[in-house]
Each structure stands twice: as structure tokens, then as C-alpha cells.
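Opened a new page for this one. My plan is to go from the whole chain down to single residues and jot down what I look up.

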Amino acid sequence: MTRNTVQRATAPQAVGHEMCQLISELYPICRSITGDGVRQTLKILQQHIPLTVREVPSGAQVFDWTIPKEWNIKNAYVKNSQGDKIVDFRKCNLHVLNYSVPIHKKISLEELKAHAFTLPEQPDWIPYRTSYYKEDWGFCLSHKVLASLAEGEYEVCIDSTLRDGYLTYGEYFLEGQAQDEILISTHVCHPSLANDNLSGIAVAVFLAKHLSRRSSTYSYRFLFTPGTIGSITWLSLNEARADRIKHGLTLACVGDSGPINYKKSRRGDAEIDRAVLQVLKDSGEPFEVNDFSPYGYDERQFCSPGFNLPVGCFMRTPHGTFPEYHTSADNLDLIRPDCLNDSFSKCSSILQILENNRTYLNLNPKCEPQLGKRGLYGSVGGTTGGKARELAMLWVLNLSDGHYSLLDIAEKSAISFEIIKSAADALLQNQLLEALPRD
Ligand code: ZN
């Protein structure tokens, strides 16, 4: 690939639009924690990145959990006594309680209501509900429709299968110079919901594409797994190598217009937590950072005490705090190309910090070296940028005693990591610094 192609492909606004296109393509698919919806999704992702599809059989034990039977669905509807479809899965796949067992019978309105899920406070929206680990059936519909139904007989049909099969997930490994890995994980089990979590899938895919075009120190592992059971499965199959993960992010709800919301890893002061904070502070935009809590996405598994991996959760508006969450209103109108692009570019800046966070040794530690005679002082006469870089050089020289990394120096000096890094590069070029080996 030529340099021009790379630049074109990663032009900021273009990436946002390309992510929107991918999301629109994935949106109609009925996904779940197992089944053909996930397979079809991963197949589409393979057009972008050469990920490996892995299948783990039903019944397999993964820590305290068992891989469930595989669920697939062809069709579902509710017909009134005139034969009119009042609920049609083919119009919206949220209409079926996800993982419903097959059923085809005539029932009373009362029984239908006992298996119906609605949102009285949002009467036009269809809720998203699941019943993965308890065999049940049900329909999700707008409260308006349910309230309009007359007494009488209703035909309910769910043409689904729940049989021994597989749990499917996608894994893409990008080898770097080191064995140490950065993990990017995202859940792929939700049906037609855009922000939660086609947005996370799209940002992960485009980060993977972006990283595959450059050389990296770290190796990168991208996981596209069904929520909870998928990360538990991966950790169970890869327990022996999990400690290679030195930094990680789970991505969820990253396409809406809210500010970035980051949930720290369980460790709270991991390098990933500090790198995210650097990027968010440096952006000058509003953001929110919260301590770890054992509720959320797959960071719960990566941060379980037996692993305690440094994995945080990168979101915009978090789960449960936007009204459209887990409803039919989490549709393509909720996500924006500029917001997807902003999530993508902040994640790449975070990864850039991790890639570049080295510890250096000042080779001229007795008093300050004379920067002027090396053309390093006042070389950018009076510009603010020049001053910041000179100040950054003084910080880097003073703190590079082998104990402070560039990220430490950026934090202590309140100068952006980018400027600290560029100051270190200039000092390195002038033989004033030496890079220490990575731990
Ligand atoms: Zn969700």
C-alpha cells in the first residue's frame, strides 16, 4: 500500500463515515451470545481485518460457566384473530425476547401480556430483553401497541432453535516487536442496537486496520466476543498467556454525542488509566473518569481478582444512562460520524502514548547541559510552542534519572505527552539521553 493510500484511508472525517457504513451494514443482523448472527457479523468484519473465527462447543466448561446451547431464529410474529401481524420479527429483531425457545400456539390476551415486555414511559419504543440462561419465550413491543390490543385469541409463533452447537467469537492478533500485548475487546452479542454496541465494534475494527499499517512495539489482540460468556471463554482458554496483556480497553457505546466517559481498571493507577487521563485532559474537552466498579462490560472479567489485568472501559454515554439504551431508539440516528471519529482518534492517541512511554537516562546529569550551543534553546524564537518545548526539555533532562517515564514527566510537568515526547526525541538526537530497556 502506498503512503498516499494510507493517508487517504485514515483521513479523520473519512474514518467516521466508513465506520457509519460498517454499522449500517451490521445493524439489521439478529445477533445473540451464540448463533449465526455472530458468525455473519464476524464474516463482514473479515472484509476489513483478517480475524480468526473461533468456535467453542455447547457444554464446554469455562471456569464456573458452561457454554450454552446455540440459539438461532428464522422468524417470529403475533397475529390477531383477523390474521393481521401485530408484531413482526422481520420488521425489527428486538421484537423477540432474545434466546426465546420455539413456540407456536394460540393464546389469550392475558397470556400474551404475561409474555410481553414494553416500556410504559416510552410508549413508542420497543425494549431489548434477553433470557440466555433460563429457558423462556416472549415478545418485546411498544406499549402503545400492547395497550391497543382487544380481548380475544392471538397466534404466537417463534421459529427458533436452541440446540447443541457452538459459541462463536472473533480474534485478531497483530504481532509487534514485543510479546507484551495491548488488548482491545468489544461485545458483539446485541441485535439491532447501534450505539450499544455496533459503535464499539466499528471503532475496534478501524483501530485494528490503522495499527496493521504501522510497525508497533506492542503486539495487539482484538477480541470480538459475546458479552460476559465470551470474555470468560477467552480467559479460560488463554489463562496461561493472559499475563502478556500489559494494557487493555473494552469499547462500548462510543458513537453517541456525549463526552468520553472512562472507567478505570481495577488497579486504578495502571499505565492505561494514566494514558487515558492524559489524552482526555489534553483534549480540553469535557470528560468523566470513574473508579472501577464490578458492573459494566467485559472489563469485569479481565479485572476479576484472579486476573486483575489492567483493562479499563472506554465509553461515551455509559450503559443505562441514556434513555435510548437497550431500546429500538438506539438506532442509526443515535450515532454520529464525528463522534465515532473522535472516539477512534482518542483511542489511537492513548495507544500512541503507550507505544512511546519510555524511560530515559540523562547522559549529562551534572548541571544542565548547554542547550543553546546545540541549537536546542531559543531555536524557535519566542513562539509559545517553542517555549513549551524548551520547558519540556528541562523537565525531561531533570527527571530522566532512570526512575521517571515520559508519562510520569508529562504528569508532573502538566505539559502534554506529545510535547514531552518531542523534547525527548530532540535530546536523544543530540546524545543527551539514552533509552533504558523496557521492563
Ligand atoms: Zn447492552
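My entries follow, starting with the ground rules.

**Ground rules.** I am working on a predicted model, where local features need pLDDT of at least 70, side-chain atom pairs count only at pLDDT 80 or more, and totals for chains, interfaces and linings use all residues. Residues are numbered from 1 along each chain as its sequence is written, and side-chain values use heavy atoms, with hydrogens and water left out.

**Whole chain.** I looked up the box first: the C-alpha atoms fill roughly 90 × 45 × 40 Å along the principal axes. I then got 13 helices and 19 strands, these being DSSP runs numbered from the N terminus (helices H or I, at least four residues; strands E, at least two). Of the 439 residues, 55% count as buried, which is under 20% relative accessible area with a 1.4 Å probe and protein chains only; exposed is over 50%, and partly exposed is in between. For contacts (heavy atoms within 4.5 Å), I noted that 80% of those with a separation of 6 or more join residues 24 or more positions apart.

**Domains.** The bounds come from an automatic or database domain assignment: domain 1 is 11–67 + 166–355, domain 2 is 71–163 and domain 3 is 358–435. I checked domain 1 against domain 2, and their C-alpha centres are 31 Å apart. In contact there are 23 residues of domain 1 and 18 residues of domain 2. The two bury about 1500 Å² between them, 58% of it on carbon and sulfur atoms; buried area is the accessible area (1.4 Å probe) lost by two parts on being put together, summed over both. Cys30, Ile33 and Ser328 supply 30% of what domain 1 buries there, more than any other three residues.

I did find 10 residue pairs in polar contact, both at pLDDT 80 or more. A polar contact is a pair of N or O atoms within 3.5 Å; within protein, one must be able to donate a hydrogen and the other to accept it, and residues adjacent in sequence count only if both atoms are side-chain atoms.

**Glu70.** This residue is in strand β4 (residues 70–79) and counts as buried because its relative accessibility is 9%. Its side chain makes a polar contact with the side chain of Asn72 at 2.8 Å and reaches the backbone nitrogen of Tyr166 at 2.9 Å. Leaving out residues up to four places away in sequence, I see it touch residues including Arg39, Tyr99 and Arg163.

Most residues other than glycine have a negative phi, and most peptide bonds are trans. Tyr99 has a positive phi of about 85 degrees, in the loop between β5 (85–88) and β6 (103–108), and is buried at 2%. Cys253 has one of about 50 degrees, in the loop between β13 (245–251) and β14 (260–263), and is buried at 0%. The Asp196 to Asn197 peptide bond is cis, with omega near 15 degrees, and Asn197 is in helix α6 (residues 194–212).

**Helix α12.** Six of the eight residues of α12 (residues 406–413) are buried, so I call it largely enclosed by the rest of the structure. Ala414 follows, with a positive phi near 55 degrees.
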